[in-house]
Amino acid sequence: MSTPLERLNTATTEDATQALTRCCGSRRWVEAMLAVRPFRDAEHLYAEASAAWERTGPEDWKEAFTHHPRIGDVSRLREKYAATAQWSSQEQQGVAAADEQVLEALAQGNRDYEARYGFIFLVCATGKSAAQMLALLQGRMNNPTDVELRIAAGEHAKITRIRLEKLLAP
């Protein structure tokens with residue numbers, strides 16, 4: 001029986017593209033990852049993923065951000081993001097227990113953030129409560145756009161790592 005890494009290494013280009021896109025929605029990143037297959041082991045995969053992300057830029061980051069639902073937007077998780085819905089819902093478990101006031105504040109904060117910056121609020125939600133994510137969102141609202149874009153890209157890199165780990169899980 002083959003391991004998830006072996007399956008990724010031997011997958012067709014189309015299947016590997018789909019698998020990697022579930023982890024990061026930047027076409028440039030996915031192409032870079034496809035170009036270095038096969039991966040020797042998990043650490044090689046993670047190192048290449050990090051290096052490929054470092055070679056991307058603002059347009060690639062924004063493209064990748066479009067593959068994520070807004071924090072707390074469970075209904076959109078199910079419809080638009082079907083390929084990553086299970087992962088996203090696991091990552092956003094902290095939202096499930098939130099009270100209505102926090103959820104409404106998150107929804108409004110997301111709208112305000114997107115209007116200000118032109119992209120969704122991105123945070124590595126794993127292990128964070130809705131209140132913690134709301135505080136992070138509010139704390140980042142006054143950042144200059146270029147600073148915020150870099151912060152969001154850093155958060156995306158964390159999410160990508162977690163998703164790659166899930167991809168390799170037996």
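Where does Pro38 lie? Pro38 lies in the loop between α3 and α4. For background, most residues other than glycine have a negative phi, and most peptide bonds are trans.

Some ground rules before I go on. This is a predicted model, where local features need pLDDT of at least 70 and side-chain atom pairs count only at pLDDT 80 or more, while totals for chains, interfaces and linings use all residues. Residues are numbered from 1 along each chain as its sequence is written, and side-chain values use heavy atoms, with hydrogens and water left out.

Now the overall layout. The protein has 11 helices and 0 strands. Helices here are DSSP runs of H or I, at least four residues; strands are E runs, at least two; both are numbered from the N terminus. Of the 170 residues, 45% are buried. Buried means under 20% relative accessible area; exposed is over 50%, and partly exposed is in between, with a 1.4 Å probe and protein chains only. Contact means heavy atoms within 4.5 Å. Take the contacts between residues at least 6 apart in sequence: 69% of them join residues at least 24 apart.

Next, helix packing. Two packed helices are described by the angle between their axes and the distance between the axes. The axes are lines fitted to C-alpha atoms, for helices over the stretch in contact, and angles run from 0 to 180 degrees between N-to-C directions. Angles under 35 degrees count as roughly parallel, over 145 as roughly antiparallel, 65 to 115 as roughly perpendicular, and the rest as oblique.

Start with α3 and α4. They pack at about 140°, with their axes 9 Å apart. They are therefore oblique to each other. The crossing is right-handed. On the α3 side, Trp29, Ala32 and Met33 make the contact, meeting Leu45, Glu48, Ala49, Ala52 and Trp53 in α4.

Then α4 and α11, which is residues 145-168. Here the angle is about 155° and the axes are 11 Å apart. So this pair is roughly antiparallel. Its crossing is right-handed. Among the α4 residues that meet α11 are Leu45, Tyr46 and Trp53; the α11 side includes His156, Arg161 and Leu164.

Tyr46 and Arg161 deserve a stop. The charged end of Arg161 sits over the Tyr46 ring, 3.7 Å from its centre. The test is NZ of Lys or CZ of Arg within 6 Å of the ring centre and within 35 degrees of the ring normal.

Leu45 is in α4, residues 42-54. Leu45 counts as buried because its relative accessibility is 0%. Beyond four places in sequence, Leu45 touches Leu8, Met33, Phe39, Leu164 and Leu168. Leu45 and Leu5 are 40 residues apart in sequence, yet 8.9 Å apart in space, C-alpha to C-alpha.

One more helix pair: α2, residues 13-23, and α11. Their axes come within 8 Å and cross at roughly 135°. That makes them oblique, too. Ala19, Leu20, Arg22 and Cys23 of α2 make the contact with His156, Thr160, Arg163, Leu164 and Leu167 of α11.

Is His156 buried or exposed? His156 is buried, because its relative accessibility is 0%. Leaving out residues up to four places away, the residues it touches include Cys23, Trp53, Phe65 and His68.

On to α5, residues 58-65. Its buried residues are Asp60, Trp61, Glu63, Ala64 and Phe65. They pack against α3, α4 and α11.

Last, the rings. How many aromatic pairs does the structure hold? There are 6 aromatic pairs. Rings of Phe, Tyr and Trp (its six-membered ring) pair if their centres lie within 6.5 Å; planes under 30 degrees apart are stacked, over 60 edge-to-face, and the rest tilted. Trp53 and Trp61 form a tilted pair, 6.5 Å centre to centre, with 35° between the planes. Trp53 counts as buried at 7% relative accessibility. Trp61 counts as buried at 7% as well. Tyr117 and Phe119 are another tilted pair, at 5.9 Å and 35°. Both of those residues are buried. Ring pairs also link Phe65, Tyr113, Tyr117, Phe119 and Phe121 into a cluster.

Key
A crossing is left-handed if the near helix is turned anticlockwise from the far one by less than a right angle, and right-handed if clockwise.
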